[in-house]
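Student: I'd like to learn how to read a multi-chain model. Could you walk me through one?

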Amino acid sequence: MFHRPATFAKALAIKADLGGRVTPLAGGTDLIVGLNRGTSLGEEVLDLSGVADYGDIDTENGSLLLRGGVTFARLARLDIRCLADAARSVGGPQIRNRGTIAGNLATASPAGDGSAALLALDAEVEISHATRGARWIKLADYFLEYRKTALGDDELISRIRIPAPDALEATAWYKIGKRGAVNISVVCAAAARWPDGRLCLAFGSVAPVPMRATETERLIGTGPLTEELIHQAAQCAMTEVRPIDDWRASADYRRAMCGVLTRRLLRAVRADSEGKG
Amino acid sequence: MAWHLECTINGSAVERDVPEDVTLLSFLRDHLGLTGTKGACLEGECGSCTVLLDDEPACSCLVLAAQVHGRRVTTVEGLAHGDRLATVQEKFVETGAAQCGYCTPGLLMAAKALLERNPDAGEQELRVALEGNICRCTGYASIVEAVQLAAREGNP
Amino acid sequence: MSRTPRIDAPPSPTPYTEHEHPVVGHSCRRLDGAEITTGAIRYGADLFPGQAELFAAVVRSDQAHARVVSIDTSAARAMDGVVGVYTHSDVGGTNRHGLIRRDHPALAEDRVRYLGDAVALVVATSERVVSQAIRAVKVEYEPLPVIGDIDAALAEGAYPLYPGGNVMGGKRIRKGDTDAALARADVVVTETFHTQTVDHAFLDLEAGVARYEPSGDPPDGGLTIQVSGQWVHEERRLIALALGVEPEHIRIIQPATGGAFGGREDISIQIYLGLAALKHPGKTVALRYDRAESMRARHKRHAIRVEYTVGAKSDGTLTAAKVTVWSDEGAYASTGLAVMRKASSHATGPYRVPNVSVDVYGVHTNNNPTGAMRGFGACQMAIACGGMIDRLAAKLGMDRLELRRKNLIRAGDDVATGQRIPVATVVECLEAAMARFRQKGEPTQPAEPHLRRGYGMSAICFGLGYGDGFPDCARARVAFGDDGKATVYTGGVDVGQGLINTMAQIAADELGLELSQVRVVSADTMLTPESGSSSATRQTYFSGNAVRMAAEEVKEQLLDVAGRHLSVHPHEIEIAEGCARVAADPDRRISLADLVAEGRRRGYSLDARTLFKPRTVCEDFDTGQSPKAFVTYLFGAHVAQVLVDIETGEVKVERHVACHDVGKAINPKAVEGQICGGVAQGIGMALMEEVVTREGRILNANFTDYILPTIHDVPKVECLILENDDPGGPFGARGIGEPPLIGAVPAVLGAIYDAIGVAPSTLPCNPERVWRMIRDAGGGI
């Protein structure tokens with residue numbers, strides 16, 4: 001059965017009713033690849049692309065609220081550099097026009113570009129249930145293990161909150177792929193810095209889940225980003241990540257790139273902060 | 001199960017029952033006989049199947065037909081004005097941008113979306129607009145040239 | 001300089017000086033341009049709607065190497081909508097195909113040799129059912145040891161894949177005394193290169209339809225198959241043998257074809273479609289692969305290992321090359337033996353090397369068969385040879401360009417096979433490419449400390465056609481219709497390169513017609529004469545000559561008729577502007593339509609068929625020497641500039657200059673298209689493309705993981721076309737298909753070497769590999 005609700009409330013009701021038996025479908029850029037390879041979508045499909053306001057963006061008390069259906073094309077036009085750059089690095093325009101942020105988070109690919117950028121932005125996810133209501137969860141706590149998340153079978157991702165984006169001092173994004181565009185990241189990384197000096201650093205494709213480099217963040221602290229500190233941070237990031245060998249890249253390379261990217265991002269963030277100061 | 005689909009394709013209202021798990025690509029080709037839209041990778045990597053959904057390029061291989069309910073779909077068959085080629089089509093022929101031609105319909109749609117949105121796009125923006133379309137024959141130079149020429153003449 | 005005295009600046013080859021051509025040499029619009037851009041043109045899968053009544057699909061082995069114990073088709077047969085399940089015992093003929101050896105079972109007999117091997121064929125009333133039904137065919141296998149690569153195949157005690165062992169064949173060249181020359185050389189450089197397995201990745205997947213009408217021959221009866229290949233007549237022979245049907249009973253029609261690049265040379269789906277159609281007479285059967293099946297089933301470009309030693313005098317004069325090549329031939333022969341021959345004859349490229357020793361060995365594995373792909377062995381050897389020149393220059397402390405200038409062949413020099421090259425323009429190509437490159441000044445280093453810029457160059461040659469004594473010919477027919485228009489019939493297939501335009505332009509020019517007055521019928525075994533394959537960069541030369549000759553013959557008839565009609569000697573007649581007229585008195589004329597009618601009345605056929613069949617000479621078995629291994633040679637040179645991120649290993653090609661001597665560009669735009677496209681594929685091979693296999697299993701049989709160059713990866717190629725007329729080519733034309741790819745890869749690799757100071761020896765140079773090269777060289781910069 002194909003469900004195409006016009007409102008999010010209806011979508012939640014269907015999800016609560018059918019639970020794991022219904023497959024939520026948004027842009028389809030992931031699920032329909034599976035369908036084309038011969039994996040059935042399941043008997044029940046919940047199409048969210050007809051939900052009227054699921055692609056809206058609002059602000060609330062200085063936070064940015066992205067509804068789950070916001071596409072990468074829309075994210076690419078935001079004034080938050082690491083997120084916009086990450087979104088621009090996803091697929092080609094055809095994919096960015098369809099792929100959604102909720103889809104990216106629900107799929108929970110360790111290589112999810114949007115996930116890494118949102119992690120660095122200290123984002124939170126709103127998970128909703130038809131009767132239990134909504135709960136907010138830190139994105140860092142949302143990813144549990146490889147392709148497993150805190151999202152329940154009877155829930156949907158309703159919104160993503162980016163706290164105080166206007167207050168951000170600087171953000172930066174870097175992705176290593178194997179060609180000029182339309183890449184699955186070999187390693188990707190995002191960094192964001194707030195006025196109090198707090199710095200967030202996140203990586204994709206170097207662990208079973210997109211990850212915050214919390215030890216490295218602690219090491220960096222809130223002080224000035226000296227070259228020495230940047231160097232130490234790079235070393236720390238390389239030990240903190242948990243990459244694997246696969247045929248796309250070796251763990252060695254991915255680890256080394258975390259060092260390189262940490263240096264680049266921190267220098268970029270420093271340059272931008274100084275520019276603002 | 002079938003879904004009762006109502007949408008607009010190349011300006012004409014279409015009303016059909018479609019199986020729920022049929023992609024837009026398959027619907028266009030196998031159900032409507034609109035074979036101008038091509039499939040080549042079926043995973044959104046090559047752009048051969050690009051159509052416009054409400055003027056925005058999308059991979060028709062990754063959209064279910066049922067998902068375009070109430071929307072406008074434009075395919076390569078909807079580009080020409082009767083017997084007269086649209087400017088962008090004309091330029092593709094003129095510059096040699098169509099070699100084997102298999103990627104051409106998808107590229108034309110991606111190019112049309114750009115030309116409608118920003119005919120003054122610089123080369124970098126143009127390349128970004130076409131980055132989701134793989135061409136295995138031309139090395140892209142003639143394609144860039146074709147779209148630039150079409151932009152110059154306006155009226156994609 | 002101690003070489004034989006010679007005139008160092010050879011006389012510049014005579015430019016073609018015939019009258020200015022009205023059609024040839026012009027970038028005429030593609031005749032199929034409107035059809036392509038409106039989506040009206042029909043490729044294989046576009047024939048399904050409205051035609052397909054039954055759908056076939058192939059059951060593939062899930063073992064890389066195994067004995068087939070049993071095949072249970074009962075569950076599949078019992079499914080609703082399944083109308084037939086077939087195995088090898090249902091095939092009426094030899095059940096074998098293969099362009100050189102008929103060693104590849106269409107449907108597995110007692111053994112599967114790679115994961116793409118076909119085991120059974122299912123036919124059903126819908127694609128949905130057939131795709132489910134293939135999973136219901138139960139095959140019991142007894143696994144056999146899997147040979148995953150060349151080393152495993154050659155290992156002591158390796159499981160013999162064939163009774164003769166794992167070495168499929170070989171080829172050698174012995175010219176001069178290489179060992180003695182190396183012993184005397186002032187400098188010796190040795191390197192081992194590894195090139196990767198590459199997929200053709202044409203976008204238009206294998207797809208087509210077939211129908212069988214038991215009574216009569218085509219067009220009314222017989223077996224009609226519409227599938228894109230590269231040589232319709234050979235495909236007909238192979239299908240006939242495999243299925244046990246008379247060739248005359250089979251008609252092959254080529255639909256529009258979305259690229260080939262050698263990937264359609266081997267039989268793909270034709271035999272399956274033919275079998276299904278024979279079993280279900282009166283029904284149109286359709287079959288198509290998806291990307292994964294296409295990549296798993298099809299042959300690939302050979303992965304090879306080249307052990308290369310080159311010797312030179314201290315002044316840079318090359319004295320010897322000793323080359324050993326090991327190629328992964330995969331499970332079946334495909335065109336591997338010919339690829340090996342082409343590799344050996346191109347081992348030293350366009351360089352003057354008096355002492356050459358080459359040994360090429362093809363080794364069977366349980367990987368996909370490897371065969372034809374643009375470049376065909378010459379491409380891998382250009383990587384090795386060009387890489388050696390760069391290394392030698394570094395070792396000698398000599399400029400790379402100077403070293404090339406010193407050693408590149410001039411007119412009258414010979415190549416590795418001993419064939420003397422009468423018109424050798426590789427130096428001209430290199431000079432032109434370098435001059436263009438330097439117009440923008442020498443590249444400067446970027447300010448960012450982690451970025452390095454470099455440039456590299458290549459100089460290449462390519463022997464055109466099959467060569468090596470293999471029968472190589474093209475036929476053509478040109479006939480006038482009553483409307484005064486000419487029709488060209490060629491068996492050659494247009495795979496997207498523009499063969500139809502090339503042939504039409506040649507015929508129009510020869511006949512004095514406008515391009516719009518010429519129609520081309522191509523690649524239909526019932527309607528067109530055999531023209532050989534669209535491969536080996538041969539169609540412009542071979543079919544171009546055949547078409548020109550046929551047009552010439554028809555034109556002579558027209559002139560005779562016009563001469564009689566206008567009461568002048570035929571030599572005084574010219575054909576132009578849609579009529580035949582007296583050259584000196586253009587008002588005395590007759591329109592072509594009237595002339596055709598007049599000709600018919602006088603009993604002229606106005607219809608000519610020709611055969612163009614220049615001979616080549618087999619390379620000597622022991623020495624590989626031949627006075628004419630190839631009908632002619634093509635030359636080219638590239639210069640590439642790259643920017644390397646030395647911390648991440650990312651490489652961006654910033655500029656690419658490509659110069660090719662094509663003899664005569666029949667359609668310059670089409671030639672540029674071939675050059676730019678070849679460069680793009682070369683960049684793909686140099687930097688990113690690689691079929692990754694483990695124990696015979698392809699890990700990246702899709703476009704998410706088998707990555708192709710995007711529009712950001714290919715700079716605007718700066719094309720330079722030289723036209724030094726080939727004495728035997730139509731209007732002096734040679735060809736262009738393969739050389740651009742061959743030239744592109746070594747230029748990019750040379751640029752990486754220049755940028756980072758470490759010479760690449762393993763492809764592709766993806767970010768991690770470049771990073772490792774730098775790291776292993778101890779920073780290296």
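This is a predicted model: local features need pLDDT of at least 70, side-chain atom pairs count only at pLDDT 80 or more; totals for chains, interfaces and linings use all residues.

Student: Okay, chain C. How many helices and strands are there?

Tutor: Helices (H or I, at least four residues) and strands (E, at least two) are DSSP runs, numbered from the N terminus. Chain C has 18 helices and 30 strands. The radius of gyration is taken over C-alpha atoms, and the globule rule is 2.2 Å times the number of residues to the power 0.38. For the 781 residues of chain C that rule gives 28 Å and the model has 27 Å, so chain C is as compact as a globular protein of that length. Its C-alpha atoms fill a box of roughly 80 × 80 × 50 Å along the principal axes.

Student: And what about chain A?

Tutor: Chain A has 11 helices and 14 strands. Its radius of gyration is 19 Å, in agreement with the value near 19 Å for a compact globule of 277 residues. The box for the C-alpha atoms of chain A is roughly 60 × 45 × 30 Å, along the principal axes.

Student: Which residues touch the most others in the largest nonpolar core?

Tutor: In soluble globular proteins, nonpolar side chains tend to be buried together. A nonpolar core here is a set of buried Ala, Val, Leu, Ile, Met, Phe, Trp, Tyr and Cys residues joined through C-beta atoms within 7 Å. The largest one holds 421 residues, and A:A191, C:A56, C:V122 and C:V748 touch the most other members. Contact in general means C-beta atoms, placed from the backbone, within 7 Å. Leaving out residues up to four places away in sequence, C:A56 touches residues including C:V122, C:Y272, C:L273 and C:A276.

Student: Is helix α7 of chain C, residues 270-279, enclosed or open?

Tutor: Nine of its 10 residues are buried, so α7(C) is largely enclosed by the rest of the structure. Among them are C:Y272, C:L273 and C:A276.

Student: Now the interfaces. How many residues does chain C put into its contact with chain B?

Tutor: Chain C supplies 46 residues and chain B 41. On the chain C side, α16 (668-687) gives the most, with eight residues. For classes, Ala, Val, Leu, Ile, Met, Phe, Trp, Tyr, Cys and Pro count as nonpolar, Asp, Glu, Lys and Arg as charged, and the others, Gly among them, as polar. That side has 20 nonpolar, 16 polar and 10 charged residues.

Student: What does chain B bring to its contact with chain A?

Tutor: There, 27 residues of chain B meet 23 of chain A. Strand β4 (residues 56-59) of chain B gives the most to its side, with four residues. By class, the chain B side divides into 13 nonpolar, eight polar and six charged.

Methods. Residues are numbered from 1 along each chain as its sequence is written. Chains are lettered from A and ligands numbered from 1 in the order in which they are written. Two residues are in contact if their C-beta atoms, placed from the backbone, lie within 7 Å. A residue is buried if 20 or more other C-beta atoms lie within 10 Å of its own, exposed if 12 or fewer, and partly exposed in between; C-beta atoms are placed from the backbone.
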